[in-house]
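Hi everyone, thanks for coming.

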Amino acid sequence: MQKIHVPVKNAYDVIIEKGILQKCGKLIQELNITSAKHFVIITDDNVDKFYADIVVTSLKENGFQAEKFVFPHGEASKNAEILLKIYAFLCKQEITRSDCLIALGGGVVGDITGFAAATFLRGLPYIQIPTSLLAQVDSSVGGKTAIDLPEGKNLVGAFKQPLAVFCDFNTLQTLPEEFLIDGMGEVIKYGMIADAELFENLCQYDLQSIKNHFDEIIPTCIKIKRDVVAQDELDTGLRMILNFGHTLGHAIEAYYHYENYTHGCAVAIGMCLMTKYFNNSQDYKKLKSCVENYKLPTDVPVAIQELVSLCGNDKKRSGSQLHYIVCSPIGTANIKLDSVREFQKHFERVI
């Protein structure tokens, strides 16, 4: 078992161990993570088929009451309609503030469960059990929760730290290849923003060989995020670097109504476009090659100005200005602030 401590105001541990799902109930009891006796597991229909009953059984075997709420998988479900259905289910189960939610799944499950935990009864505890690569390296840690609006991604949300994160590498074995590809978008991001050595190592692997290195790579990514979040829990400064590739990535997702490109794929394109326009050609070629190693896209068949025009809806906008991230050189992240118009001008160059 490996523990990574996240020293925020309400501190918690990321607990990493293969097979942790089968004994999550025992761990909750032994580590005294919560005094709750009643749990609701929130998951999607993909994850439910593999893991929900394992978690329910582990909880019940250790004396807890447990139910599950299952919703359709995908970013399109991270909306107010599904959130209201979660609230209704919690009411039906007579959940109180002394009970606990469990987010079992990928980034969408974690985001909407965390937001439900932050808002139902003005707040109740929850635990993250991420089952996708993207969620394990990124979205399960740091306390950001949200739902999407038709006007943009993650526009309604709250900061809500989990009581704990249980990370089980075994869940990655059942992931379809497209979900591994999706997660690698965020893994590469961590090399770009904070760890040139990690980035160089990623350039040497591909989608098959990377699986032999998850034991080192996933904790490395979690520690990078831990260090950033510990310094800027509420995302007012340094934490913005975690959004490298996301300003354009979110625009791509919105342009295609969250249908054509997964989050990790959109972020990969966003990173490549930002590096193409803000870095030297050598950096761009290295990143493009690395992204292609993992079957991630590097561009999108849309005029760049159409995408840039959507960036004005990004949550990093401050009045008429926009924060964005440039990684030059690779392994470092620089926070930039421009007017939306000045940001758009960077993409008017012919390359």
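Let's begin with glutamate 186, which you'll find in helix 6, residues 177–194. When I say helix or strand, I mean DSSP runs numbered from the N terminus: H or I with at least four residues for helices, E with at least two for strands. Before going on, a word on the model: this is a predicted one, where local features need pLDDT of at least 70, side-chain atom pairs count only at pLDDT 80 or more, and totals for chains, interfaces and linings use all residues. Residues are numbered from 1 along each chain as its sequence is written, and side-chain values use heavy atoms, with hydrogens and water left out.

Back to our glutamate. Is glutamate 186 buried or exposed? Glutamate 186 is buried, because its relative accessible area is 0%; buried means under 20%, exposed means over 50%, and partly exposed is in between, using a 1.4 Å probe and protein chains only.

What does its side chain do in there? Another, of 3.1 Å, links the side chain of glutamate 186 to that of histidine 263. A polar contact here is a pair of N or O atoms within 3.5 Å; within protein, one must be able to donate a hydrogen and the other to accept it, and residues adjacent in sequence count only if both atoms are side-chain atoms. If we leave aside neighbours within four places in sequence, glutamate 186 is in contact (heavy atoms within 4.5 Å) with Leu134, Val137, Asp138, His246, His263 and Val267.

His246 takes us to helix 9, where it is one of the buried residues. Why do we call helix 9, residues 246–255, largely enclosed by the rest of the structure? Because 8 of its 10 residues are buried. Those buried residues pack against strand 8 (152–159), helix 6, helix 10 (263–278), helix 12, strand 11 and helix 13 (340–345). Just after helix 9, histidine 257 takes a positive phi of about 55°.

Now, helix packing. Two packed helices are described by the angle between their axes and the distance between the axes. The axes of helix 6 and helix 8 (residues 214–231) come within 10 Å and cross at roughly 55°. Axes are lines fitted to C-alpha atoms, for helices over the stretch in contact, and angles run from 0 to 180 degrees between N-to-C directions. So helix 6 is oblique to helix 8; under 35 degrees would count as roughly parallel, over 145 as roughly antiparallel, 65 to 115 as roughly perpendicular, and the rest is oblique. On the helix 6 side, Leu180, Met184, Val187, Tyr190 and Ala194 meet Phe214, Ile217, Cys221, Ile224 and Lys225 in helix 8.

Last stop, some loops. Which residues does a cis peptide bond with omega of about 5° join? They are serine 328 and proline 329, and proline 329 sits in the loop between strand 11 (321–326) and strand 12 (334–339). Arginine 122 is not a glycine, yet has a positive phi of about 60°. You'll find arginine 122 between helix 4 (107–119) and strand 6 (126–130), in the loop, and at 77% relative accessibility it counts as exposed.
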